[in-house]
Amino acid sequence: MSTTPVGPRDARTRKRRRIHPAWWVAAVAFLALLAAAGFRAAPGALMIPLHNDFGWSMSVMSLAVSLNLIFYGLTAPFAAALMDRFGIRQIVALALTLVAAGAGGSVIMTASWQLLIFWGVLIGLGTGSMAMVFAATIANRWFIHRRGLVMGILTAGSATGQLIFLPPVAAIAESTGWRPASLLIAGAALIAVPVVWFVLRDHPEDRGVLPYGADPETYVPEERPTGGAAKRAFSGLAFAARHRSFWALAIAFAICGATTNGLIGIHFIPSAYDHGMPTTTAAGLLAVVGVFDIAGTVFSGWLTDKFDPRILLLTYYTFRGVGLLLLPWLLSDIVHPSMVLFIVIYGLDWVATVPPTSALCREVFGDRGTIVFGWVFAAHQLGAAAAAFGAGVIRDVFGEYTYAWWGGAVMCAVAAALSFAVRRNRQVRERTIIPAEAAAPMAAQTDD
């Protein structure tokens with residue numbers, strides 16, 4: 001019996017078919033973001049049951065959500081620096097544990113101030129330690145080719161979490177109570193911890209490979225940062241604050257947060273309930289936003305690799321503003337085709353802004369782009385916090401949300417103008433975008 005020897009070309013071909021480790025890291029990062037997104041879907045579905053159970057006003061519960069969003073945002077730039085200092089998997093595992101502690105611990109609360117601790121502080125710190133900064137860190141470290149696409153896919157992890165968690169959370173809260181719904185969120189976060197610990201690594205070099213798409217003849221690893229996390233975070237802010245493009249990106253992204261997480265994410269379900277729509281129906285519509293958000297964000301990542309990110313942002317904010325302007329006339333006790341159209345368009349547009357915003361941060365600020373994006377994302381969450389609280393006050397004062405929706409529409413027009421005003425840094429862009437033909441050999445690279 002004879003055997004045919006395997007030549008060098010056959011070995012290279014077989015190696016080429018193996019999956020680059022970067023894709024496994026991205027897959028686990030997606031899972032972690034999905035698990036952490038459980039709470040992002042919860043407040044809108046739990047506010048009415050909490051009101052019925054404790055009698056707390058919308059303003060009080062909106063304050064807890066606003067505090068959550070503030071911690072969520074302000075933690076982001078420090079989380080980026082902490083990941084550089086202590087490692088990605090350590091910070092992500094701790095973050096998921098905090099989310100589980102906040103969601104699980106909330107079942108024992110008896111007073112509104114405790115809601116501020118569990119929803120606001122614990123879950124805010126946990127989700128903020130991951131958020132989009134985590135996605136940007138994975139995309140920037142592990143990918144050169146397909147970086148925008150990967151950022152889009154990871155960003156969609158939050159939308160997927162909303163899609164998965166919102167309907168069961170709303171159904172359990174309505175049929176069984178809000179406490180079992182909170183425990184569902186806590187359990188999901190804990191399940192992801194061991195997977196994160198065993199798969200995630202900080203740098204491609206830790207797995208003996210180059211980033212996906214790197215040219216082995218020209219690639220030079222970035223110098224690994226040193227120093228305290230707080231010092232690096234604040235120095236990144238000081239550096240960025242001297243550039244007008246940073247302020248344009250930060251204000252526009254603050255408006256992005258206000259018109260997604262702050263307004264629709266928190267107050268769409270209560271507003272629909274005001275119009276006679278059942279809570280579970282409204283939660284289902286918000287989950288559909290998550291379905292189209294996945295497609296829209298991934299497609300936006302693909303577009304970011306090919307087109308001017310400023311034009312994409314101009315388009316996204318314009319469509320979002322038109323949707324908010326029309327929303328007061330679309331809400332009713334049943335689901336009309338016009339509402340379905342709103343849900344589809346808003347879903348496609350939901351966080352499609354993240355890949356081009358992240359790309360602009362990297363392009364304008366180079367190696368500091370991830371930490372700068374952390375501060376831009378902090379602005380996103382501050383905007384969301386202000387809108388979440390402000391919309392709750394508007395509802396309590398006027399008895400409806402109309403002025404909140406119209407205010408969001410005006411802000412979107414401002415965001416569109418600011419985004420297009422960002423000055424691009426073409427030298428950084430040329431260094432970070434690798435032609436497909438140069439990246440192709442690296443698709444084969446894997447462990448020895």
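Colleague: What share of contacts in the chain between residues at least 6 apart in sequence join residues at least 24 apart?
Modeller: That comes to 85%, where contact means heavy atoms within 4.5 Å. Before we go on, this is a predicted model: local features need pLDDT of at least 70, side-chain atom pairs count only at pLDDT 80 or more, and totals for chains, interfaces and linings use all residues. Residues are numbered from 1 along each chain as its sequence is written, and side-chain values use heavy atoms, with hydrogens and water left out.

Colleague: OK, how many helices and strands are there?
Modeller: The chain has 19 helices and 0 strands. Those are DSSP runs numbered from the N terminus (helices are H or I, at least four residues; strands are E, at least two).

Colleague: And how much of the chain is buried?
Modeller: 56% of the 448 residues. Buried means under 20% relative accessible area, exposed over 50%, and partly exposed in between, with a 1.4 Å probe and protein chains only.

Colleague: How do H13 and H17 cross?
Modeller: The axes of H13 (residues 309-330) and H17 (residues 402-420) come within 8 Å and cross at roughly 165 degrees. So H13 is roughly antiparallel to H17; the cut-off for that is an angle over 145 degrees. The axes are lines fitted to C-alpha atoms over the stretch in contact, with angles from 0 to 180 degrees between N-to-C directions.

Colleague: What kinds of residues make up that contact of H13 with H17?
Modeller: They divide into 16 nonpolar, 5 polar and 2 charged. Here Ala, Val, Leu, Ile, Met, Phe, Trp, Tyr, Cys and Pro count as nonpolar, Asp, Glu, Lys and Arg as charged, and the others, Gly among them, as polar.

Colleague: Switching topic, how many disulfides does it hold?
Modeller: 0 disulfides, taking one as a pair of cysteine sulfur atoms within 2.5 Å. Cys412, for instance, is in none, and the nearest cysteine sulfur, that of Cys256, is 8.3 Å away. Cys412 is buried because its relative accessible area is 0%.

Colleague: What about Phe389, where is it?
Modeller: Phe389 is in helix H16 (residues 369-398), and it counts as partly exposed because its relative accessibility is 35%. Leaving out residues up to four places away in sequence, Phe389 touches Ser59, Ser62, Leu63 and Ser66. Phe389 and Ala64 are 325 residues apart in sequence but 8.7 Å apart in space, C-alpha to C-alpha.

Colleague: And Thr137, buried or exposed?
Modeller: Buried, because its relative accessibility is 3%. Thr137 is in helix H7 (residues 131-142).

Note on methods:
Parallel < 35°, antiparallel > 145°, perpendicular 65-115°, else oblique.
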